[in-house]
Amino acid sequence: VLTYGNEKILEALSYEDDEFVGMALSDVVPSFRMNYGNDPYALLYSRDYDAIDIEFVDRHNEKVILTSTSTTRIFQNNQLVSIQGVSRDVTLEKKMYHELNSRNKDLMLINKIGKEMTMTDNLDSVLKLILENVDATFEVKVASIRFMDRDGRLKVRAFQGDEKELLWSKD
């Protein structure tokens, strides 16, 4: 049961203090119940944390706020009576981290393809290398590179994946 929520968490989750206090933690952190089954709080009971990622949802189950939370278990007569948590909103930091990783992955692919392109002068080999790297990076089922001939028809120059999935022209 939640016994306190500061102004920031109440505002972020769209609750008034009298609504928030008394709620079950699983009402604002539903992933605990999904991820830890019958005893969703076993994770918090087991030890204190310097930083554990916890996703809170607002009262409408729409807005997700990712926090880095530090916890302290409070014991009385060797009995766990409370767990205090201090959270810091890291939603934007995590989003930026994932975006940076995604862009870095894209740049590494471009760099790898560029390097491979300079190592051969065979266009078909270069096109095949490009598709292999695109497939490995983006996990596509099938991909092709086509050129338009002088008659305006598309011709497959390279493909990657299951040949049966590739759309071929009749000629």
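Predicted model: local features only at pLDDT ≥ 70, side-chain atom pairs only at ≥ 80, totals over all residues.
A residue counts as exposed when its relative accessible area is over 50%, as buried when that area is under 20%, and as partly exposed in between. By this criterion Asp 151, at 61% relative accessibility, is exposed.

Asp 149, Asp 151 and Arg 153 are joined in a network of salt bridges. Arg 153 pairs with Asp 151, their closest N and O atoms being 3.0 Å apart. Arg 153 also pairs with Asp 149, where the closest N and O atoms lie 3.3 Å apart. The accessibilities within this network can be set side by side. Asp 149, with a relative accessibility of 24%, is partly exposed; Arg 153, with 35%, is likewise partly exposed; and Asp 151, with 61%, is exposed.

Across the whole structure, a search finds 8 salt bridges. One of the pairs is formed by the side chains of Glu 19 and Arg 59, with an N to O distance of 2.6 Å. Because Glu 19 belongs to helix α2 (residues 17-20) and Arg 59 to the loop between β1 and β2, this pair ties together parts that are 40 residues apart in sequence. Both partners are partly exposed: Glu 19 has a relative accessibility of 30%, and Arg 59 has a relative accessible area of 35%.

Strands β1 and β2 pair in the antiparallel sense, over 7 bridges. Within this pairing, Val 57 has Val 64 in β2 as its bridge partner. The hairpin has 6 residues between its strands, and Asn 61 there takes a positive phi near 55°.

Helix α1 (residues 7-13) contains Ala 12. Although Ala 12 and Val 64 are 52 residues apart in sequence, their C-alpha atoms are 9.4 Å apart in space. Beyond its neighbours within four places in sequence, Ala 12 is in contact with Asp 58, Lys 63 and Ile 65.

Leu 13 has contacts of its own with this part of the chain. Neighbours within four places in sequence aside, Leu 13 is in contact with Phe 20, Val 28, Phe 56, Val 57, Asp 58, Arg 59 and Ile 65.

In soluble globular proteins, nonpolar side chains tend to be buried together. Here, the largest nonpolar core has 17 residues, of which Leu 13, Tyr 15, Phe 20 and Val 28 touch the most other members. The elements giving two or more residues to this core are α1, α3 (25-28) and β1 (49-57). Apart from this core lies another, of 5 residues, which include Leu 127, Ala 143, Ile 145 and Ala 158.

Tyr 45, Phe 75 and Leu 80 make a nonpolar surface patch of about 280 Å². Of these, Phe 75 is located in strand β2 (residues 64-76). Which accessibility class does Phe 75 fall into? With a relative accessible area of 47%, Phe 75 is partly exposed. Strand β2 therefore holds both a member of this patch, Phe 75, and Val 64, the bridge partner of Val 57.

Key: Residues numbered from 1 in each chain as written. Heavy atoms only, no water. Patch = residues over 30% accessible without salt bridge, like charges linked within 9 Å, V, L, I, M, F, W, Y side chains within 5 Å. Areas by Shrake-Rupley, 256 points an atom, 1.4 Å probe, with all protein chains shown as cover. Salt bridge = Lys/Arg side-chain N within 4 Å of Asp/Glu carboxyl O. Helix = DSSP H or I, 4+ residues; strand = E, 2+ residues; numbered from the N terminus. Buried < 20%, exposed > 50% of the residue type's maximum accessible area, 1.4 Å probe, protein only. Contact = heavy atoms within 4.5 Å. Core = buried A, V, L, I, M, F, W, Y, C linked by side-chain atoms within 4.5 Å. Pairing = 2+ DSSP bridges.
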